Amino acid sequence: MAAIEMPTSNEEGEVAISAYEVEEDEHDCKERVLHKYFLLEWKLVKSLLDEILSNGRVVDPASVHKIRSIMDKYQEEGQLVEPYLESIVSPLMLIIRSRTMELGVASDEILEVIKPICIILYTLVTVCGYKAVTKFFPHQVPDLELAVSLLEKCHNTASTTALRQESTGEMETQCVILLWLSILVLVPFDISSVDTSIASNSLRSEDEPVPLVLKILSFSKDYLSSAGPMRTMAGLLLSRLLTRPDMPLAFTSFLGWTHEVLSSGADDTLSHFRLLGVLEALASIFKAGGRILLIDVVPIAWNDVSLLSKSSMASRSTLLRKFLVKLSQRIALTCLPHRAPVWRYVGKTSSLRENVSLTTNDGPDDSSRDVGINPSKSEGSLRFLQDDDMEIPEIIEEIIEMLLSGLKDTDTVVRWSAAKGIGRITSCLTSALSDEILSSVLELFSPGEGDGSWHGACLALAELARRGLLLPTSLPKVVPFIAKALHYDVRRGPHSVGSHVRDAAAYVCWAFGRAYYHSDMKCVLEKLAPHLLTVACYDREYDGYVYPFAEELLDNKIGHWDKGLRELASEALSALVKYDPRYFEHFVLEKLIPSTLSSDLCLRHGAILAAGEVALALHQCQYTLTTDKQKQLAGLVSAIEKARLYRGKGGEIMRSAVSRFIECISLSGVAIPNKIRQSLLDTLTENLRHPNSQIQSAAVKALDHFVRAYLVAASSVGTSSTIVSKYLQQLTDPNVAVRRGSAMALGVLPYEILADRWKDVILKLCKSSAIEDNPEDRDAEARVNAVKGLVLVCKTLNQASKLPAMLLSEQDCCLSLYHLMKNEVMTSLLRALDDYSVDNRGDVGSWVREAAMEGLEECTYILSSVDSTIKSNTRESGSEILPFFDEKLATSVIGGIVKQAVEKMDKLREAAAKVLQRILYNTKPFVPFIPYREKLEKIIPDESETKWGVPNFSYPRFVELLQLSSYSRFVVSGLVISAGGLQDSLRKASVGALLDFLQVADSTEVEHQKRKSREKMLSSDILWVLQQYKRCDRVIVPTLKTIEILFSSKIFFDMEADGRSFFAGVLECLVVELKVSKDFGKLYAGIAILGYIASTSEPTNIGAFKHLLTFLSHRYPKIRKACAEQLYLVLLQNSDLVPEEKMEGAVEIISETCWDGDVDGARKQLVELWKMAGLELGELKLGNRASRKTRGEKPRSNEDEDASYSSLVESSGF
């Protein structure tokens, strides 16, 4: 809440409030205290108000907007603004009054003056309410005619559109003046003595109201038809005007008009709004008027209301029903005598805290709290007895029936109004009649009633309790219904209803706490408190509520429609087990086990989950289940499968739940016969084949614990071999889901199962982690699982407590686990770093690469640990064994991960940097043989909060590795992907870091040589990338774009001999890459590079120029045009390519030829240019069209370039 936040400051002295200041708050001036704790923006508001007051109007419209925006923040806490209302409202109303008198109502300027001010005043009304604001309105008698004239001015010039009214302040002005009039009409003089127009109006009849009143009535009737807030203000004004003792004529006239409106039956929009306004005005009149004035019009008013409530209009309009209910209760209150019921319960205080803390000794005796007047006094006793003899008008019964029906209304506002009406009417009745009303309200809690009925009944009970009309003696029969309402939750299709009912029931409990003494609630607290706690939270400190908690979970939450809630309920049950394990075995499990076979999907799913969690919790409490209970649990899965409960749309969640159940009973050590063990293993294997990844994951977790619990101890060689062989065979299954599941299954098998065929498992998983040869069989998830499974198998074999001696002493080193890890596993993981597979989901290969990086880290630790152990064991003997994790392998691992750290995906860059960080700073084991370790540690510090995913942070660090020969090629091969990519922000960050690295200051010879050395190394690495990834557009295209960017920044042009070799290498690559290419991005980049090379004075410029010329006859017009533009720039920069005397002609051909026109014309111009350049025509190849002509074949028609734009779209990343 903005109003009570303490101001903050960077200086400690401004934040701290000294003890002296706190103590002196009581003695501070009012303004200081208000500014300190209430309206924090008061200084700004006051300065804006001072400006308005000094000018007598609003000069700057922005000041109105500022005040309005400040006040809007206090919409929910208007009481914080109320202390300032007098300082704001009084001077603003004074401006309205004085300027109106000064300028005159007839002035066109007056509305422009008061509209902005009225916007401020109306904002205060919306924040604090009209009652708080109107207290500070001026109320001199002469102001009445002034306000009426001002309202007439506004009314006659009002805009016809609501949008204009809201934007210009006309609506706010009308509302403020109507409120002002609602105060002024209360003047203690006959209004006829105030109306000055009577003297000049000699034709006025004595049988009609004075002209001033007629004007007010006319305007108010019009505003009653409005859809805006003026309707409410007009109703308030009429209620205060017509209930004056000097207004009988106006009252009678208005009541006649309202009868016509209510009985007209008109159903158009305007009539509907007028109907709402009339009902609202009548409700206000019946609230403000006296019983003597209103009693005679009750029959007519009630007849109109009764007929209207049964009409079709009422069934369609929520507001209409609300006002009908509101008016009905006001009519009833008019018919009943206004007196406080002597039987009412009177509490000692309205404070909830004090009520709870009070004991029976603190208050009066029990009998005196049940009634408003002490029954020991004879007068009070007499009134109490006489109450039962009070006669109730027949109309009251009809109205109560209407209100009870209103409690069942479909809309909350109607139910809320009806509940208030029940409370108000009951306060005027006898204790016997109040009991009848209570009984009628409790009937609304019938199971056959809807949620609206339960909600309305709760609201009514809260109103009765708040008013002391629900005696403590009635609480025992009320509390059971409230307890049911606290748990109300009814499923409706894919969701449920009931939150509003539970809220209302909690509101009833709050009302009880406010209304009753603790001693009077004592009899029902023990019944109500468990339900409140159950609904509110599950607190482990409340041991006494374990059983209500458990019953609530079993009865309402385990079978809930929401899957997530069922899962949480099962976990909550397991958390309660430790308080009474025996209860959970003999009661909870006894109830859950039959429910696992229920026809209700939600119930059986929740039951199987809860049964497993409870069994596991009992085991963790060292509680041993009985043999019969273990037998029941062991047979649950078989019973579910026998009943075919996996079928249908609920089969998937049941499979996950069954897997979790098997995991729980495996961890619990439940005794399972051999036959059922095989059945459960088959179940898990079947779930591993399921295409749903969540089901597979649940099955893998269950398999891990199931095999260790039931198969390891009793396993034989045959059993182990069968399990492993089955999963190895499934690694090549055509069904990708089977391959995914079997790879994960192999990863969780324990060493005892893997021992006989561990080499086959490793080799098969290595093969499965590679991209499949058949494109139709390729599946990224299967490869991810193969990588993860491979690493898990290696960890399992390494962590086995007793490794076979052959693993370290076998003469054939290929059979050694660690040689196999070095030669096969690490190779497979490094190969997985090059998995860049793409499908309709995007770069799915990134999943494999991420898993491979984590796998490389784990295997690095394993090999390093083994090296450390072997080294310490062989140090004494003096023999030396070559390490498994050597410098070559370290370079490949670090380099492969570094490459991922500079590529285009933020997530992978961050993951790669963190893997590198962990490897560098790992101490147990320490990872040796990392080249340039100190430099790496400087680039990658041991800091946990480093933002490696931010390009502007990571790229400047990693490009420093370009100067290290061990990692430069890895960095370049990854960096070009980012620098030549499509993502603009990533390209800017990577290119900027690369150029900053290359463009070092060369003011000295040393710095110059350093720059040349960096360019030479980078050029060599780029050539390596071009050769290594030949014809691989994923790498070649961004590499060419990167070269183009570097050329544009004048990189590589100052390398002399090294530059010539680089240009020659790039040119050789372009000849291969651009041939028959359809990739526009690749062609554009290649043409630009050819242009840069051709512009140099190196020997390779002729070759580049020739190659560039050939693109003038390319089949794509846009490529021909781009080539011509590049040639034009080349000839301007290098005049040696064409003889001087022919240069002008060549430039003219290039600039004036329409290269994106007919291809035949372009080829003729190409031949001409070729001749001008002095090149041999025999070297010119004009393509298939020319060769077809020489063979006498019919040439193909011109290809529309748009037909090949799919390659352009594809290269753009769409």
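Is K1050 buried or exposed? K1050 is exposed, at a relative accessible area of 61%, where exposed means over 50%, buried under 20% and partly exposed in between (1.4 Å probe, protein chains only).

This is a predicted model, in which local features need pLDDT of at least 70 and side-chain atom pairs count only at pLDDT 80 or more, while totals for chains, interfaces and linings use all residues. Residues are numbered from 1 along each chain as its sequence is written, and side-chain values use heavy atoms, with hydrogens and water left out.

K1050 sits in the loop between α54 (1033-1048) and α55 (1057-1073). Helices here are DSSP runs of H or I with at least four residues, strands are runs of E with at least two, and both are numbered from the N terminus. The backbone of K1050 has a positive phi, near 65 degrees, though the residue is not glycine.

F1052 is also placed in the loop between α54 and α55. Its phi is positive as well, about 80 degrees, and F1052 is not a glycine either. The relative accessibility of F1052 is 0%, so this residue counts as buried.

Another loop, between α48 (906-921) and α49 (933-939), contains P925. The peptide bond joining K924 and P925 is cis, with omega about 0 degrees.

One further region comes from a record.
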